[in-house]
2 protein chains.
Amino acid sequence: MIDADTVAARLANLTFSLLANCQEKEVHLAELHGLTQAEFRCLRLFGTDESLNNKTIAERMKLSPSRLTRIIDGLVKKEYINREIDPNDRRNMRVTLSSKGKSLVQQLNKAYVDIHEEILQDIDPSMHEQLITAMTHLLEALEKWLAKTDY
Amino acid sequence: MIDADTVAARLANLTFSLLANCQEKEVHLAELHGLTQAEFRCLRLFGTDESLNNKTIAERMKLSPSRLTRIIDGLVKKEYINREIDPNDRRNMRVTLSSKGKSLVQQLNKAYVDIHEEILQDIDPSMHEQLITAMTHLLEALEKWLAKTDY
DNA sequence: AATGATTTTTGATATGAACAATAATTTATT
DNA sequence: AATAAATTATTGTTCATATCAAAAATCATT
């Protein structure tokens, strides 16, 4: 797809494939737990003891609040999260993980770390910090590029 | 989200953020060119002088042929691709990039390589090959993991 | 107390995607 | 050669995804 003759081009192809694979993995993992992709992503947004409201979740997921209402409906019905009125401001809904939700999130996080551990086992330990640095650069560059308005 | 105390956890967080950013970038880039995300991804699938048919594109994009028919409809209307009957097998449609399509694909590929070149400039050249190796391992591990059925 | 702003929900609507049926063509079988 | 079977793309239908506009509840300000 891209001429793989320069290091940059090879790296570009790698991140491209990586992205595609990650996406596929997410789809797979979601249906494994009987969740839609949106529900799955919503769940993954939670730290295990976090409490969020509809609006902030919508913002983080870059979806409309109305869409979020229905996604959360699904997660409540499937008993992964609890939804209750915020006593401090009764307009807000306090959305928190149920115990079922917590254990799933923990399990997912663990699996996610595990796979990266596996990967690191294939890589010389002296390279590990370097890899982290490189990936950090990659991420920073991407964020910088995204922040630009003129492209 | 994940305790960032081990290298594996840090790497996990990095790929997670990277994924989110790449997705955002794609959405942004698509609408910048007046394309839907599906159209954009379809276009990016083409090497500049490739000629595909409906079915193979559908397979590569993991979408149904019927969905593809409409996506290609849009790209034809926007004059990014040409669609003509394959003279060898008149059941097939030969889908190729128009000159407008070719130049966009080239431009996108160039931009994609450029951003990775920028990133590499921040990294010691002696480490480049190692980075590629590490990323290749990452990708391989992910593919291997995806191929497993029992997780 | 009245007005205006904020948060969520609901209803209506548009877009995304798959499935089933159809039409056109090619390949296989008799 | 004629018919049957298979393949490819398209169309109509249907369901899921996501947004927008309006409504209801609450809060903040005057």
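This is a predicted model: local features need pLDDT of at least 70, side-chain atom pairs count only at pLDDT 80 or more; totals for chains, interfaces and linings use all residues.
Is K62(A) buried or exposed? I looked this up before anything else. K62(A) is exposed, because its relative accessibility is 59% (buried is under 20% relative accessible area, exposed over 50%, and partly exposed in between, with a 1.4 Å probe and protein chains only).

Residues are numbered from 1 along each chain as its sequence is written, chains are lettered from A and ligands numbered from 1 in the order in which they are written, and side-chain values use heavy atoms, with hydrogens and water left out.

I found K62(A) in the loop between α3 (54-61) and α4 of chain A (helices are DSSP runs of H or I with at least four residues, strands are runs of E with at least two, and both are numbered from the N terminus). K62(A) is not a glycine, yet its phi is positive, near 55 degrees.

E79(A) is another residue like that: not a glycine, with a positive phi of about 65 degrees. I located E79(A) in the loop between α4 and β2 (81-85) of chain A. With a relative accessible area of 55%, E79(A) is exposed.

**Entry: A58(A)**

Next I checked A58(A), which sits in helix α3 of chain A. A58(A) counts as buried, because its relative accessibility is 2%. Not counting residues up to four places away in sequence, A58(A) touches L63(A), S64(A), P65(A) and L68(A) (contact means heavy atoms within 4.5 Å). I also noted T69(A), which is 11 residues from A58(A) in sequence and 9.0 Å away in space, C-alpha to C-alpha.

**Entry: α2 and α4 in chain A**

A reminder to myself: two packed helices are described by the angle between their axes and the distance between the axes. Helix α2 (residues 37-44) and helix α4 (residues 65-77) of chain A have axes that come within 10 Å and cross at roughly 85 degrees (axes are lines fitted to C-alpha atoms, for helices over the stretch in contact, and angles run from 0 to 180 degrees between N-to-C directions). So α2(A) and α4(A) are roughly perpendicular to each other (under 35 degrees is roughly parallel, over 145 roughly antiparallel, 65 to 115 roughly perpendicular, and the rest oblique).

From α2(A), the contact uses A38(A), E39(A), C42(A) and L43(A), and from α4(A) it uses R67(A), L68(A), I71(A), G74(A) and L75(A). Sorted by class, I get six nonpolar, one polar and two charged residues (Ala, Val, Leu, Ile, Met, Phe, Trp, Tyr, Cys and Pro are nonpolar, Asp, Glu, Lys and Arg are charged, and the others, Gly among them, are polar).

**Entry: over to chain B, helix α4**

Helix α4 (residues 65-77) of chain B has 13 residues and reaches 18 Å from its first C-alpha to its last, close to the expected 18 Å (1.5 Å times one less than the number of residues). Which residues of α4(B) are buried? I listed L68(B), I71(B), I72(B), G74(B) and L75(B). Seen down the axis of α4(B), these buried residues fall within an arc of 150 degrees, so they line one face of the helix (the arc is that of the directions from the helix axis to the C-beta atoms). On the other side, R70(B) and K77(B) are exposed. The buried residues of α4(B) pack against α2 (37-44), α3 (54-61), β2 (81-85) and β3 (93-97) of chain B.

I then looked at A38(B), which is in helix α2 of chain B. A38(B) is buried at a relative accessible area of 15%. Leaving out residues up to four places away, A38(B) touches M61(B), R67(B) and I71(B).

**Entry: where the chains meet**

Helix α6 (residues 125-147) of chain A packs with helix α6 (residues 128-147) of chain B at an angle of about 85 degrees, with axes 10 Å apart. α6(A) and α6(B) are therefore roughly perpendicular to each other. Among the residues making the contact are M127(A) and L131(A) of α6(A) and Q130(B) and L131(B) of α6(B). By class, I noted nine nonpolar, one polar and no charged residues.
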